[in-house]
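Have the structure open and follow along.

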Amino acid sequence: MKLFLLGLFLLTSLTSSCQAQTADPQGMAPMDSEKILIVYLTRTKNTKAVAEMIHEQVGGTMVELELVTPYPENYREIVAQVARENESGFLPPLKTKITNLDQYEVVFVGFPTWGMQLPPPMKSFLTENNLSGKTVVPFNTNGGYGIGSSFDKVAELCPNSEILEGFSVRGGSERDGVLFVMDGEKEVEVRQEVEKWLDRLAF
Ligand SMILES: Cc1cc2nc3c(=O)[nH]c(=O)nc-3n(C[C@H](O)[C@H](O)[C@H](O)COP(=O)(O)O)c2cc1C
């Protein structure tokens, strides 16, 4: 009887694990969410909202980039500082350290467009952390002028990574006093766009 029950148990476990494999529409093994890292930079929380939408669908670990010396609150001052940093190539030191980078196979990197470029703190992150051999997936929010050179810069700083199709959406426009916009209908729309994009990438 014991032997019969053991056999039945083994048979059911085998069948259910086979079902889990075939449930994936792409026929690929589902990505283990422990291997996914979502790193993002945000000031007025629009990019953070997109990071959360990605997290809802793929899971993984979310990390917000923090600086040793935070940027000024004042919009004009931060614009001027970022312009100086972009000009000189200064990489602001990060407070955020990823200690277990080896664990991750896929790294989503999210950021706003700043001065039509990749923001200096994300340049710091991609310079400090070697993402060779990993899959890198950029995502962005911007004030309506697009990604500028930011996605190209991600590819340049990760020469030995596989870079997947990025996602970009209009966020706030601090210059015009428009800060957080990812709520109400906009949030619903953006979540749908994020889901479509992740489906295309087979996540
Ligand atoms: C310093 C700075 C520079 C910016 N430069 C641009 C830009 O060049 N092009 C653009 O479309 N938006 C620009 N923006 C607007 C942000 O990209 C936009 O508000 C974004 O959604 C902010 O994301 P966050 O809420 O995650 O901080 C800039 C914002 C700041 C603070």
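Let's start with Val 154. Leaving aside residues up to four places away in sequence, Val 154 touches Val 109, Phe 111, Leu 118, Leu 126, Val 136 and Ile 163. Keep in mind that this is a predicted model.

Val 154 belongs to the largest nonpolar core, a set of 26 residues, and is listed with Leu 37, Val 109, Met 122, Phe 125, Leu 126 and Leu 131 as having the most contacts inside it. Strand 1 (36-40), helix 3, strand 3 (106-112), helix 4 (120-128) and helix 5 (150-157) each give two or more residues to this core. In soluble globular proteins, nonpolar side chains tend to be buried together.

Strand 6 runs parallel to strand 4, and four bridges join the two. Across this pairing, Thr 141 stands opposite Val 169.

## The largest pocket

How much space lies in the largest pocket? The answer is about 600 Å³. It has 27 lining residues, and Tyr 75, Thr 113, Trp 114, Gly 115 and Gly 143 are the closest to its centre.

Helix 3 (75-88) supplies the largest share of the lining, six residues. Helix 2 (46-58) and strand 4 (135-142) each supply at least two. By class, the lining holds 13 polar, ten nonpolar and four charged residues.

How values were computed
Residues numbered from 1 in each chain as written. Predicted model: local features only at pLDDT ≥ 70, side-chain atom pairs only at ≥ 80, totals over all residues. Heavy atoms only, no water. 1 Å grid on protein atoms, 1.4 Å probe; cavity = no way out; pocket = protein on both sides within 12 Å on 5 of 7 lines; lining within 4 Å. Points joined across faces, edges and corners; volume = space filled by probe spheres on them. Nonpolar A, V, L, I, M, F, W, Y, C, P; charged D, E, K, R; others polar. Core = buried A, V, L, I, M, F, W, Y, C linked by side-chain atoms within 4.5 Å. Buried < 20%, exposed > 50% of the residue type's maximum accessible area, 1.4 Å probe, protein only. Contact = heavy atoms within 4.5 Å. Pairing = 2+ DSSP bridges.
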